[in-house]
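Open the model in your viewer and have the selection tool ready. Each stop below says what to select and what is there.

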Amino acid sequence: MATGRLGLGETLGALNAALGQGGPVWFKETRARHLRARDFLAPRRALQARFGDQQVPEPVVTAVAGLQGPGVAPVLRCAPTPAGLALQLRRPAVFERVLSSVAAYAAPAAPAAPGPRVVLHCAALRGAPCTLRLSQLRAILVADHLARALRARGVTVRLVPAARDPHMRTFLQQLRVEWPTASERAATEALRSRALAEHTSAHDGEVLPPGILGRVCLKELVEKQGRLAGYDPNLDSCLVTEDLLSLLAELQEAVQNWPEDSSPGVAGTPDPGTDSCIVVHVVSCEEEFQQQKLDLLWCKLDDQAPLRQKHLVCGPVKVAGGPGTLTAPEYYKLRLAQVCKASALKHGGDLAQDPAWTEIFGILSVATIKFEMLSTAPQSQLLLTLADSSVSTKGTKSGTFVMYNCARLATLFESYNHSMEQGLYPTFPCVSSLDFSLLQDEHPPLPGHAEPDGSPGLHRPGAPHHCTHGDGLQVPGAAQHGFQLVLQPCTRLRGAPTTPLWSDVCTPAASAGRA
């Protein structure tokens with residue numbers, strides 16, 4: 001039997017390579033009704049764009065059906081269908097490969113090669129929390145989530161700017177956002193001299209407002225470099241201030257001076273420098289115009305500014321039936337009060353005064369906020385509901401609902417492990433002794449005292465599928481399951497049934513969008 005960790009990326013890469021030169025065509029099937037017949041699909045229209053109106057050549061289909069390689073899942077069959085080229089895996093073999101080396105899949109995959117160095121810049125952190133809008137809070141949470149996701153994949157990340165306001169540092173601690181605090185201010189003399197030179201040559205004799213060092217023209221730079229695409233057509237000039245130069249100097253220092261141990265455990269790390277660095281500006285939609293100015297000003301004043309600068313613009317945040325001027329701290333206090341109120345109704349008493357519960361309430365409030373802010377693609381508009389019902393466990397879209405079900409599952413797992421210790425369940429057999437060729441039915445009944453559809457041992461594929469366990473828990477079939485519940489690999493299952501487990505549940509990763 002082949003060994004090694006199977007990977008979705010490796011499988012998709014091999015499938016696309018088998019079709020010849022061109023962009024990616026294959027995608028992983030996720031719909032339950034389609035998974036009965038296929039695991040991957042190359043859509044018909046994408047194939048027509050690649051091969052014309054003719055059918056996919058038979059040698060190509062044969063090559064796909066016999067696909068092998070490191071990390072590539074074993075293929076059962078590949079055949080043309082009205083929807084396109086459908087591929088089905090040898091699922092018993094996949095189950096055997098995965099279950100035989102569960103530890104390899106539970107551990108994070110090591111990067112095959114060192115990734116690029118990334119500087120994450122979040123403009124919202126330059127202000128004070130009392131003036132922080134909800135769209136800026138969204139940008140901060142997206143930047144924090146993106147930094148965690150990149151680091152988990154072996155990418156070296158530096159965060160800019162440092163949080164110098166003491167109230168901002170306190171607020172970030174409440175949000176469980178890991179961000180660097182105050183650091184030494186970078187030198188701005190070289191940038192100031194360049195800015196004054198640009199102003200003197202282009203705007204001699206101009207009377208400037210107080211606090212303004214000069215005006216730098218940006219229109220010529222944009223036209224010269226041919227980078228008009230994506231930039232606001234109204235970009236013309238930028239008023240340079242000391243604060244702006246200080247931020248540019250901090251970005252400049254972050255790009256040029258990487259710590260020597262910035263990539264622990266990764267061999268062959270690229271040399272520091274702007275060529276191996278990507279700068280990602282995470283901004284709210286209100287700050288997009290000013291951020292474009294900053295990007296161009298950096299290129300104007302620094303000949304070594306990174307050419308690869310990307311803007312991740314977070315969409316607006318609207319409040320349904322609430323004040324449009326709600327600040328981020330007010331939003332946090334509202335969610336914290338709602339969590340305390342819901343807990344008091346369930347457990348009774350004033351638990352908010354108990355230090356043992358204060359930390360739990362803070363974690364629940366922050367998790368609820370992160371679910372709300374990260375559950376929608378960053379570029380899309382986000383609509384918040386502030387009513388008490390928005391923290392209920394009865395919906396399928398609130399963070400409280402997902403946390404409640406994660407805690408429920410954690411309790412079930414804890415109960416199962418406790419029952420295993422008492423000998424109430426037989427020991428799970430060794431994986432090598434299992435006959436995976438018996439995995440033929442795609443919808444087998446669940447183990448235990450389960451009777452699907454009221455008929456023991458019988459399942460009709462077209463009928464609704466329910467399994468009722470001895471403890472009365474009903475598990476709906478995939479077609480009726482209205483949500484996807486994801487337990488992160490870092491989730492720790494511990495504590496007794498009387499111990500709140502929500503604090504051990506990690507928030508699921510939301511798409512940070514393409515920068």
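**Stop one: D39 and its surroundings**

Select D39 first. Leaving aside neighbours within four places in sequence, D39 is in contact with F27, K28, E29, L87, Q88, L89 and R91. Keep in mind that this is a predicted model.

Where does D39 sit? Look in the loop between α2 (32-35) and β2. Is D39 buried or exposed? D39 counts as buried, because its relative accessibility is 7% and the cut-off for buried is under 20%.

K28 and D39 are 11 residues apart along the chain, and their C-alpha atoms are separated by 6.2 Å.

Next, show the backbone of L89. Its nitrogen lies 2.8 Å from a polar atom of the D39 side chain.

**Stop two: R91**

Stay with D39 and bring in R91. Their side chains are joined by a polar contact of 2.9 Å. R91 is found in helix α5, so select residues 91-99 to see the helix around it. R91 is buried as well, with a relative accessible area of 13%.

**Stop three: the sheet**

Switch to a cartoon view. Select the four strands of the open sheet, in the order β1-β2-β4-β3. Their pairing is antiparallel. Which strands form the edges? They are β1 (27-28) and β3 (75-81), and each pairs on one side only.

Zoom in on β2 (residues 40-43) and β4 (residues 84-89). These strands run antiparallel, and four bridges join them. Pick A42 here: L85 in β4 stands opposite.

**Stop four: helices on the sheet**

Select residues 8-18, which form helix α1. Helix α1 packs on the sheet and touches β1, β2 and β4. Its direction makes about 35 degrees with that of β2.

Then select residues 58-65 for helix α4. Helix α4 lies across β3 and β4. With β3, the running angle is about 150 degrees.

**Last stop: the whole chain**

Zoom out and select the protein chain. How many helices and strands does the protein chain have? There are 15 helices and 14 strands. Colour by burial next: of the 515 residues, 39% count as buried.

Take the contacts with a separation of 6 or more: residues 24 or more positions apart account for 69% of them.

Note on methods. Residues are numbered from 1 along each chain as its sequence is written. This is a predicted model: local features need pLDDT of at least 70, side-chain atom pairs count only at pLDDT 80 or more; totals for chains, interfaces and linings use all residues. Side-chain values use heavy atoms; hydrogens and water are left out. Two strands pair if DSSP finds at least two bridges between them. Helices (H or I, at least four residues) and strands (E, at least two) are DSSP runs, numbered from the N terminus. Contact means heavy atoms within 4.5 Å. Axes are lines fitted to C-alpha atoms, for helices over the stretch in contact, and angles run from 0 to 180 degrees between N-to-C directions. Buried means under 20% relative accessible area, exposed over 50%, partly exposed in between (1.4 Å probe, protein chains only). A polar contact is a pair of N or O atoms within 3.5 Å; within protein, one must be able to donate a hydrogen and the other to accept it, and residues adjacent in sequence count only if both atoms are side-chain atoms.
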